[in-house]
Amino acid sequence: MRHLIANIVTYTIGALLVVGAALFAWMRSSQVAITDEETIVAAHAPRTEPGFDWEELGRFSYERNCRNCHLADGQGWDQYPSLGLVGTFLADPGGREWLLDLHIYGLASERWRVPMPPMGHVPDVELAAVINHLLHNFGNEPSPAAEDLIMPEDVAARRGLGLTPREVELRRPER
């Protein structure tokens, strides 16, 4: 009798593992989202009340999306550029739009051996926050004023252009 019970328990555990693996595989292949942009906006949307920490989401997004290539201090390494001059593009004609396009559509450049992957999968509010994080850190001086911050609406307005990473490089402001 105990062998029967042991077999039932063993086969039940095996069946649960197979069902769990199949469910996980379906979720991954279907790109099931655990959250949505509205949830992120609700947690991190710009507010006017005191205490809002715009940097918190930007720092988190940098750690998650950018740090592997550009390093914790933003200095980059080997084929990945330093982020210290990102802020200079804001003053250039078309520079603000180029920064947005760079992050949404990626970049393929002769200057660097490895292209920057497109970050179009990142929600508007998070993309705006990480760009603001870049503009306020890594030696970018002066930091943009509050009215010059990248807002989620700015990111949304640049989506849907269908640019390729090479086209983004061709739009780069002259230096």
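I begin with helix H3 (residues 54–65) and H6, whose axes cross at roughly 95° and come within 7 Å of each other. Axes here are lines fitted to C-alpha atoms, for helices over the stretch in contact, and angles run from 0 to 180 degrees between N-to-C directions. Helices are DSSP runs of H or I with at least four residues, numbered from the N terminus. H3 and H6 are therefore roughly perpendicular to each other, a term for angles of 65 to 115 degrees; angles under 35 count as roughly parallel, over 145 as roughly antiparallel, and the rest as oblique.

A word on the source: this is a predicted model, in which local features need pLDDT of at least 70 and side-chain atom pairs count only at pLDDT 80 or more, while totals for chains, interfaces and linings use all residues. Residues are numbered from 1 along each chain as its sequence is written, and side-chain values use heavy atoms, with hydrogens and water left out.

The contact of H3 with H6 has eight nonpolar, six polar and four charged residues. In this scheme Ala, Val, Leu, Ile, Met, Phe, Trp, Tyr, Cys and Pro are nonpolar, Asp, Glu, Lys and Arg are charged, and the others, Gly among them, are polar.

Which residues does Glu55 touch, leaving aside its neighbours within four places in sequence? They are Asn132, His133, His136 and Asn137, where contact means heavy atoms within 4.5 Å. The C-alpha atoms of Glu55 and His133 are 6.0 Å apart, although 78 residues separate the two along the chain.

H6 (residues 124–136) also packs against H5 (residues 95–105), at an angle of about 125° and with the axes 11 Å apart. That angle makes H5 oblique to H6. On the H5 side the contact involves Leu99, Leu100, His103 and Ile104, which meet Leu127, Ile131, Leu134 and Leu135 of H6. Seven of these residues are nonpolar, one is polar and none is charged.

I turn now to empty space. Rolling a probe the size of a water molecule over the atoms shows where such space is left.

How many cavities of 30 Å³ or more does the whole structure hold? The search finds one. A cavity is a set of points, on a 1 Å grid over the protein atoms alone, where a 1.4 Å probe fits but cannot get out; a pocket is an open set with protein on both sides within 12 Å along at least five of seven lines, and lining residues have an atom within 4 Å of a point. The lining of the largest cavity consists of Ser61, Asn65, Cys66, His103, Met119, Val122, Leu127 and Val130. H3 and H6 are the elements that give two or more residues to this lining.

The largest pocket holds about 590 Å³, a volume being the space filled by probe spheres set on grid points joined across faces, edges and corners. Among its 29 lining residues, His70, Pro81, Ser82, Leu83 and Leu102 are closest to the centre. H5 provides the largest share of this lining, four residues.
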